[in-house]
Amino acid sequence: MIIATGGSQISLKLPGIDKAHVVLASEVYLNPEKYTGRNAVVIGSGFTGLEVAELLAHKGNHVRIFELDDEIGKRIAGDGSIKNNAALLIRLEELHAEMHPSMNTT
């Protein structure tokens, strides 16, 4: 058995964050069939954000990724996983995910 216990989930304090159409990454992972053919906004481009964006794009959603840093995936690129990060970014581009670095959500 392998148990991977990555980073902690962050909940932003944004107006409307409590609305029914706002979901956490864990909900998308548990019920991906619920999220098809929609417009999806993913806030953050760490591994979880990029993986959820890829999953949503595979399900036929129009995906936009917003990141505070000046580069998508910047914080994970330096941790020894740059090949995985590059492959994930290539797949997201192939799936026509829009990537928006330097975006402040507040």
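## A predicted α/β chain: sheet, core and loops

At 64% relative accessibility, His 96 counts as exposed; the cut-offs are under 20% relative accessible area for buried, over 50% for exposed and partly exposed in between, with a 1.4 Å probe and protein chains only. His 96 sits in the loop between H4 and E3. Its phi is near 65 degrees, a positive value in a residue other than glycine.

The model is predicted, so local features need pLDDT of at least 70 and side-chain atom pairs count only at pLDDT 80 or more, while totals for chains, interfaces and linings use all residues. Residues are numbered from 1 along each chain as its sequence is written, and side-chain values use heavy atoms, with hydrogens and water left out.

**Overall layout.** The chain has 4 helices and 3 strands. Helices (H or I, at least four residues) and strands (E, at least two) are DSSP runs, numbered from the N terminus. Their order from the N terminus is α-β-α-β-α-α-β. Of the 106 residues in the chain, 29% are buried. The accessible surface comes to about 7400 Å², and 55% of it belongs to carbon and sulfur atoms. These areas come from the Shrake-Rupley method with a 1.4 Å probe; for residues, only the protein chains shown count as cover. Among contacts with a separation of 6 or more, 56% join residues 24 or more positions apart. Contact means heavy atoms within 4.5 Å.

**The sheet.** The 3 strands form an open sheet in the order E1-E2-E3, with parallel pairing. Two strands pair if DSSP finds at least two bridges between them. E1 and strand E3 (98–100) stand at the edges, each with a single partner strand, so one side of each has no neighbour in the sheet. On average, neighbouring strands are turned by 20 degrees against each other, direction ignored. E1 and E2 run parallel and are joined by 5 bridges. Val 42 has Ile 65 in E2 as its bridge partner. H2 lies across E1 and E2, at about 165 degrees to E2. Axes are lines fitted to C-alpha atoms, for helices over the stretch in contact, and angles run from 0 to 180 degrees between N-to-C directions.

**The core.** The largest nonpolar core has 18 residues. Such a core is a set of buried Ala, Val, Leu, Ile, Met, Phe, Trp, Tyr and Cys residues joined through side-chain atoms within 4.5 Å. Those with the most contacts inside it include Val 42, Ile 65 and Leu 92. Helix H1 (25–30), strand E1 (39–43), helix H2 (47–58), strand E2 (62–66) and helix H4 (82–94) each supply at least two of its residues. H2 gives the largest share, 5 residues. Leaving aside neighbours within four places in sequence, Leu 92 is in contact with Leu 50, Ala 53, Glu 54, Ile 65, Ala 97 and Met 99.

**Loops and tail.** Asn 61 lies in the loop between H2 and E2. A polar atom of the Asn 61 side chain lies 2.8 Å from the backbone nitrogen of Arg 38. Beyond four places in sequence, the contacts of Asn 61 are Tyr 35, Thr 36, Gly 37, Arg 38, Ala 40 and Leu 56. Ser 102 is in the segment after E3. Its phi is near 55 degrees, a positive value in a residue other than glycine.

| Residue | Relative accessibility | Class |
|---|---|---|
| Asn 61 | Asn 61: 6% | buried |
| Ser 102 | Ser 102: 48% | partly exposed |
| His 96 | His 96: 64% | exposed |

Key. A polar contact is a pair of N or O atoms within 3.5 Å; within protein, one must be able to donate a hydrogen and the other to accept it, and residues adjacent in sequence count only if both atoms are side-chain atoms.
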